[in-house]
Amino acid sequence: MSDTHQQSIPFVRDTMLPEAPPPAAETGIVKWMRENLFSNVTNGILTLAALAAIYYLLSGFLPWLFNGIWDAPSIRACREILQGEVGGCFAVLTERWNQLLFGFKYPDEEYWRPSLAFVLLFAAAAPVMFPNHVPRVLFFFTGLYPFLAYWLIWGGPILSPVFGLLGFVVGYIVWNRLVAQSFAAGFFGAIVAALVTWWIGGMIVEAMASENTLLAAVPSRDMGGFMLNMILGTVCVSLSIPFGIALALGRQSDMPIIKWICVLFIEFIRGVPLITLLFVANVVLAYFLPPGTTFDLILRVIIMITMFASAYIAEVIRGGLAALPKGQYEAADSLGLDYPQAMRLIILPQALKISIPGIVNVAVGLFKDTTLVSVISMFDLVGMIRGPVLASTEWNGVYWELLGFAALLFFVVCYGISQYSQWLERQLQTEHR
Amino acid sequence: MTTLSDPPRESFRLSMLINDTRYRSYTFQFIALLAVIALFAYLGSNLMYNLREAGLNISYGFLSEPSGYDINQTLIEYDSRSSHWRASVAGILNTLLVAVLACVTATILGVIAGVMRLSNNWLVRKLMAGYVEAFRNVPVLIWIIIIFTVMTAVLPAPSAFRGDDPDRTMLLDAFAFTNRGVYIPKPVWLEGSAIVVGVFIASIIGMFWYRRYATKLLYDTGKLLPMGWPSLAILFVPAILAYFVLGRPIELDYPALKGFNFQGGIQIRGSLIALWFALAIYTGAFIAENVRAGIQAVSKGQTEAAASLGLRPRRIMNLVILPQALRVIIPPLISNYLNITKNSSLAIAVGYMDITGTLGGITLNQTGRAIETVLLLMLFYLAISLAISALMNVYNNSIKLKER
Amino acid sequence: MKKSVFLGALTVAGIAAGAAAAGTLDDVKARGTLNCGVTTGLVGFAAPDANGEWDGFDVGVCRAVAAAVLGDGSAVEFVPTTGKTRFTALASGEIDMLARNTTWTFSRDVDLKFEFTGINYYDGQGFIAPKALGVSSAKELSGATVCIQTGTTTELNLADYFRANNMDYEPVPIETNAEGQQQYLAGACDVYTTDRSGLAATRAAFENPSDHVILPETISKEPLGPLVRHGDNEWGDVVRWTLNALIAAEEYGVTSANIADMASAPGDKPEVNRLLGTEGNLGEMLGLESDWAVKAISVGGNYGELFEKNIGENTPIGLSRGLNAQWTEGGLLYSPPFR
């Protein structure tokens, strides 16, 4: 039978064909390009247009970048070296590097202090940012950091930050003692204890004030450059989170008066541009303070920016509170928890988790907004560029290098934070989908 | 004998203010109110004391006095003899002008970039991602300054257009790009132009009527009328006809170099362009993200369902995806508009004479009335913000999913 | 009294501190530094150099006052102020005196309640134009685009001048002098206007100063001088007479070079002796040491020396004395007698 079969079919292949490579158009880079760049006519045109745009941008930018001069005393020297060729005069960055970073008045020999504070910032932020990857012991350092950084940057008697810290410690101890009795007692007791500590500490510091301190005191008027942006950004964001939580809770509260106070505050702050608040800090606030008080400008600005940021963070957290299922509140009630306990143990941990991406967004926006202080004659990075650097005879006319540098610095920081926020969002997705 | 169900009446004790939850909230509210009042009283008394010490007073009388300064761009009649109040109004109009221009441009840019970020073209997708990240992560103040520097330092001065063999020439003899701004032709409305404009407005109404009719016809009978070309025809043909029939009543006034500057035409100042474009491009990046998120929020099943019904891709976008995506896109869009309006106060960095430049700038400097001017300034922005938020609430309510 | 403002704010007690309403003079002495408001940067008048040290003609006045009061010309905290912030800074007590080429006007003196303690520079508003523009008089500027620094009397004068001469113009308001320079050099405006001294200082910073011409017209009177808060006459006197001491020192030939000799023993000129405190008790009357003027003059020299060093003809700014010469030489500087 097998024979017949063989005869009826002229040829039967009994071995496998060797594997042929897929058609050229269906593999590797060609397939990828076909699918991603030239899938149809419109797409092809778009691709070509995009390529043209990229070429145009790079053909202007790259020669400028690679032909740049990094070492010259002035823009005229730069032009002489370049002999009319295209090229950036990056010498301004090397020449004024310290001024751009630290402002023009921070003492040269103390530059290591803010630099160290900046490096330590990462160590302090790590336990908060990566709680699962960093030993918890480092949290102590995070708590210590604000005082350490204050002392490093401002200098002066070491007792001031020590007493600042002590106030918090005393407050915490009192709170721990009293909170079992009632939350309110613990809360207000802690505040009073801390205030008393600071008051006594302030007197001691004043009494012991000596000219010879380990780190020379630097007045805050001398802060400037990118350091000022960093200081304003970190200080205001970290201060505004507790205020923001309080405002958000107040706005969600059942007590109408407290609710309306919070609503008015939040809506007022969100309704006006930051720049008008800075005007207030700069030209109006002094009239509202007791005569003889001299706040320095940086402190007034910190207060205003913190108020500004608190209102926005409050709205983000309110969103988080509203997004929690009602069952969580009811569950807390049914366990017999009172309001502070319910908030502290059940509601806020979840609400804050939901709000973290929003808070990071506000923080990035706020950090960018710190450049506005240049409008009220503070010499932050933008203020330094528009003021002392561009006004100087040597560098009058070096715009692109300076503005590009400022843009780059902000981009690196903000893009880094937003990438972190996206990573965190993925980490925090605990619910099952 | 009264009812037995009455709870035993406890007499009110002072400690109940703290310990009884019924009264505790009153205590807290009372304390909060007192604290706020005390704070304001404290600040107010300081203010009174400081003003008395300095011999100053709070008075808005300066608003009616002549301002004494000139404003280069005004939408209303204004000169240096006009009052500070009028200067403020001119500033308000300038703020609104740049805000509206920037909102429109930012929306267009943002929608294009947002849709293109979802394009299946890899290069375009990456390019748009680059645009969004680059602009979102750099302060808008820096962008304003950069674009302003482009406007003033890169574009040529009007003198470059002068002479028999000028370095630069005008584009089409109608547009001049100088570092004092862009000059474009200005329409001159002659007699009869009102009719042309009237016809044009009528065509706009007609176009909308036609589209509505076509939609209704589609829903009622399933008959599909063409939309695109007829709409355009209705929009333009009658107006163009009227224009020629009436003997070209609208002429263009071309800018020409005369004296120090270009004369004639419309001058769009560099400061306006810098502010407008910087705000538009910066906010456009945020809007692009909103648009992308909005489109991605519409579940893929919707697209597939629409496709299985036989709709063409463009109709899927227009009839199925966008209406649902808009619900997600519009609320953040409006808050972006709010941000544009508030960020337009950065005009002060480039000398654009908005309300911050006139009332909060020169008027404040000249009169020294810091408290009054800053207060007015804040009230203005607050009013705008509240108006826009009210609009947003109305919209949110109207699109809320009506569950039946 | 040296305490950290931050801790002060932390303790809240700090906010209520300093309630003692002492005079500015006592405050300055107690603080040990003088807070002096200056511009954010105008070469020759007040500008930080590459090392961040403030230098200039207005700065010299601040240093002289600090030396007179505290005996140390470097005990000055310079507070940069803009046109917008300067008056609030002074009114609120953030600064003790303002030496920021501020024009003495009626409304600033009377309505804003400040006290101008004298005039350290007689100025007037002028225009600078590129030579290539071919303009030789401000009367030819009809239709021109004019850059102005906002927050000064300049824009009012400009409006008045063009209005009076029936010309129109386009103002381009600018926040700082640096940007004015940038815009003007880029040709975004035809002329730049500010005080003539400021024009000279600005021109000095140009790459090719000789390509630009300052037009001959002076369209306003701009008497610039230091000012203090109204109502604190003791402090006003200190600033006023320190300035007068600088002016008088030049008139009497007292310079930083010979002052040590002249102050060591009473000379034969009674007026000089009274000025330098070797005779009489003028310093005591001011509430200062008897050698207050010696210290003030030693820091940067007398008025003439300050002028020559910072803005005089041998500096890049190259201003001639003109109206600012001593009255004996045909100028307007005229110090009341020290007796």
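Domain bounds, as used in this report, come from an automatic or database domain assignment. Under such an assignment, chain A is divided into domain 1 (157-212) and domain 2 (219-428), and the C-alpha centres of these two domains of chain A lie 26 Å apart. For chain B, the assignment gives domain 1 (16-53), domain 2 (84-185 + 254-399) and domain 3 (193-245); between the centres of domain 1 and domain 2 of chain B, taken over C-alpha atoms, the separation is 43 Å.

The model is predicted, and local features need pLDDT of at least 70, side-chain atom pairs count only at pLDDT 80 or more, while totals for chains, interfaces and linings use all residues. Residues are numbered from 1 along each chain as its sequence is written, chains are lettered from A and ligands numbered from 1 in the order in which they are written, and side-chain values use heavy atoms, with hydrogens and water left out.

On a 1 Å grid over the protein atoms alone, a cavity is a set of points where a 1.4 Å probe fits but cannot get out, and its lining residues have an atom within 4 Å of a point. Grid points are joined across faces, edges and corners, and a volume is the space filled by probe spheres set on the points. Searching the whole structure in this way finds eight cavities of 30 Å³ or more. In the table, residues are sorted by class: Ala, Val, Leu, Ile, Met, Phe, Trp, Tyr, Cys and Pro count as nonpolar, Asp, Glu, Lys and Arg as charged, and the others, Gly among them, as polar.

| Cavity | Volume | Lining by class |
|---|---|---|
| Largest cavity | about 320 Å³ | 13 nonpolar, seven polar and five charged residues |
| Second largest cavity | about 170 Å³ | eleven nonpolar, three polar and two charged residues |

Of the 25 residues that line the largest cavity, those closest to its centre are A:R221, A:L297, A:S377, A:M378 and C:P80. Helices (H or I, at least four residues) and strands (E, at least two) are DSSP runs, numbered from the N terminus, and β4 (76-80) of chain C is among the elements that give two or more residues to the lining of the largest cavity. The second largest cavity is lined by 16 residues, and A:R386, A:L390, B:I145, C:E179 and C:Q182 lie nearest its centre.

Charged side chains can also pair. A salt bridge is a side-chain nitrogen of Lys or Arg within 4 Å of a carboxyl oxygen of Asp or Glu, and the structure holds 22 salt bridges over all chains. In one of them, the side chains of B:D79 and C:R163 meet at 3.9 Å, N to O. B:D79 lies in the loop between α2 (21-54) and α3 (84-117) of chain B and C:R163 in helix α7 (residues 154-164) of chain C, so this pair joins two chains.

Terms used:
On a 1 Å grid over the protein atoms alone, a cavity is a set of points where a 1.4 Å probe fits but cannot get out, and a pocket is an open set with protein on both sides within 12 Å along at least five of seven lines; lining residues have an atom within 4 Å of a point.
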